[in-house]
Amino acid sequence: MVTILEINKKFKGLRWKLVSTYLLLVLLTILLINAFINESLRMNYVNEKKVSLLTQGNIIADRLSPFIPEINNDYINENVTDIVKKLSIELRSRVMVSDINGRILIDSYDTFQGQRLNKEELSLALLGKNVANQHYLEMYGRVMYVSVPIVSRGRILGAVFISSSLEEIFSTIKITMQKFMLLSFFGLAITAFISFVFADIISKPIEKLTEAVMRMAKGKFNQKVEVYGDDEISRLGRAFNLMTTKLDQVDKQRREFVGNVSHELRTPLSSIKILSESLIHQDHAPEELYKEFLKDIDSEVDRLNKIIDSLLYLVDLEKEAIDLDYQLTYVNYLIEKVINSLRPLADKKNIRINFVEKIKTQVMLDKFKIQQALINIISNAIKYTSENGQVDIELDVDKDNFIIKIKDTGIGIPEEELPFIFDRFYRVDKARDRKSGGTGLGLSITQQLIALHQGEIHVESVVNEGTTFYILLPLKATV
Ligand SMILES: Nc1ncnc2c1ncn2[C@@H]1O[C@H](COP(=O)(O)OP(=O)(O)O)[C@@H](O)[C@H]1O
Ligand SMILES: [Mg+2]
């Protein structure tokens, strides 16, 4: 049962569809050509025979015309009969000669003399026509009747009637056609073989792809198929390889992300655990200690909340589930507002903030989201700059964008770390940067916010000299 099913499945495959289609087409062509050749051979041979018999008939009629009036003379009759019989053997046909009344004077087969021959062809010939027709006789098969008048000085004296078998012609045609059919089926076999090989070339890669997809369905994303050439199937193969590479990357990122999140959440949780345990195991701890530890626990809880809020926000941003609320915004004022809100932070470290307005501009943007992005970048600039440093902010414009440049005189970012700083949870100095209160999500969120506005963010940095961020936003937003 299983094997029958399997065989059934095999014969339903693409390969068999291709092979059977090819074979059907070739077979159809062969049959058509066969019918065509058969028909034209038949027409050709039969026509040739007809023309030759008519010619011969006329020649006989010409030769006999002087003798017809005296044919009843025994001597003449014998001579003429001899001639007719010779011609009959030459033509391999039965030849008869009739008088004007349709009575047979001479029959090369000697059986019809003196009788009336009732044939349409003979009657027509006696009316002066050259006639040739095909007939089918039970006894002899296909025959051709040809009849021509015997004319002397414009008077019809009688007619020549020739009956010739066509079977020889048809058997010649049959033999030719048999040879042709044999050749055709040999060609068909070759077609079958070639189309089978060809179909295999087509179906093999598809089978391989299907197997790879099935393995992917089981969770193994790092599938690759071998690709040769540049046809539709190999392009599909290349697209498949590209897709699996991307999927594999996404899968790795997902694992990494889950790992990072767990790690980030565990750090404050372990602090809380340590703090609470040490209180539990201490008898008669002073109230101040309780207060102090509870304050630490509280700030760790705040931190947990901050991480979770940022994460949820980032997930929404990446899903593009957040709609932008475009409003005509005076950018210069927006930047000033952000600077003012961060000034207390900068003052604590005696950091000067300069704002250079090269242009004054109003554009359509979601002001709260851009404000949030600016807070992230400028607070980083303050956070990662030591005391008495400086932060320069500049608003400028090029052909399509307005550009906000934020330059600090801080610790800088090593060149090899630059490609990663927009990654989630990425921090250059893990321990110190966490202590500074960050979540490592600020730049990721900022990048997403800018991308939602069809803008770009770039960074340049030199360690111990400072970092410059460039935010480019389109002047004409596609709202
Ligand atoms: N202006 C800057 N100067 C130096 N390092 C920076 C600056 N901005 C960002 N970084 C580095 O990039 C990392 C990622 O920044 P961000 O996503 O805002 O996280 P964080 O919460 O740590 O601020 C920071 O931890 C820091 O190491
Ligand atoms: Mg930050």
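Reply: R153 lies in the loop between β4 (141–152) and β5 (155–165); helices (H or I, at least four residues) and strands (E, at least two) are DSSP runs, numbered from the N terminus. This is a predicted model, in which local features need pLDDT of at least 70 and side-chain atom pairs count only at pLDDT 80 or more, while totals for chains, interfaces and linings use all residues. Residues are numbered from 1 along each chain as its sequence is written, chains are lettered from A and ligands numbered from 1 in the order in which they are written, and side-chain values use heavy atoms, with hydrogens and water left out.

The phi of R153 is near 45°, a positive value in a residue other than glycine. R153 counts as exposed, at 84% relative accessibility (buried means under 20% relative accessible area, exposed over 50%, partly exposed in between, with a 1.4 Å probe and protein chains only).

D110 also has a positive phi, about 65°, although it is not a glycine. It is found in the loop between β2 and α4 and is partly exposed, with a relative accessible area of 43%. F112 lies in that loop too, between β2 (104–107) and α4 (120–126). F112 is partly exposed, at 23% relative accessible area. Leaving aside neighbours within four places in sequence, F112 is in contact (heavy atoms within 4.5 Å) with R94, M96, I104, D107 and L117.

S98, in strand β1 (residues 94–99), is buried, with a relative accessible area of 0%. Beyond its neighbours within four places in sequence, S98 is in contact with R103, I104, L105, L122, L126, G158 and A159. S203 is placed in helix α5 (residues 167–217); it is buried at 4% relative accessible area, and its contacts outside four places in sequence are L14 and R15.

The protein is divided into domain 1 (14–172), domain 2 (232–318) and domain 3 (327–474), with bounds that come from an automatic or database domain assignment. The centres of domain 1 and domain 3, taken over C-alpha atoms, are separated by 109 Å.

Next, the cores. A nonpolar core is a set of buried Ala, Val, Leu, Ile, Met, Phe, Trp, Tyr and Cys residues joined through side-chain atoms within 4.5 Å. The largest one has 49 residues, and L374, I393, I404, I406 and I471 have the most contacts inside it. This core draws at least three residues from each of domain 2 and domain 3. Another core, of 30 residues, lies apart from it, with I68, I106, L157 and I162 among its members. Within the largest core, I406 is in contact with L374, I377, I378, A381, V391, D392, I393, T467, T468, F469 and I471, neighbours within four places in sequence left aside.

Helix α11 has L443, S444, I445, T446, L449, I450 and L452 buried, and its buried residues pack against α7, α9, β11 (456–462) and β12. After α11 comes Q454, with a positive phi near 60°.

On a 1 Å grid over the protein atoms alone, a cavity is a set of points where a 1.4 Å probe fits but cannot get out, and a pocket is an open set with protein on both sides within 12 Å along at least five of seven lines; lining residues have an atom within 4 Å of a point. Grid points are joined across faces, edges and corners, and a volume is the space filled by probe spheres set on the points.

The volume of the largest pocket is about 700 Å³. It is lined by 32 residues, and N380, K383, Y384, G442 and L443 are the closest to its centre. At least two lining residues come from each of α7 (287–318), α9 (367–383), α10 (430–435), α11 (442–452) and β12 (466–474), with α9 giving the most, eight residues. The lining divides into 13 nonpolar, 13 polar and six charged residues (Ala, Val, Leu, Ile, Met, Phe, Trp, Tyr, Cys and Pro count as nonpolar, Asp, Glu, Lys and Arg as charged, and the others, Gly among them, as polar).

One cavity of 30 Å³ or more is found in the whole structure. The largest cavity holds about 40 Å³ of space, and its lining consists of Y326, V363, M364, L365, F402, H453, L473, P474 and A477. β8 (362–365) gives the most to this lining, with three residues. By class, the lining of the largest cavity has eight nonpolar residues, one polar and no charged.
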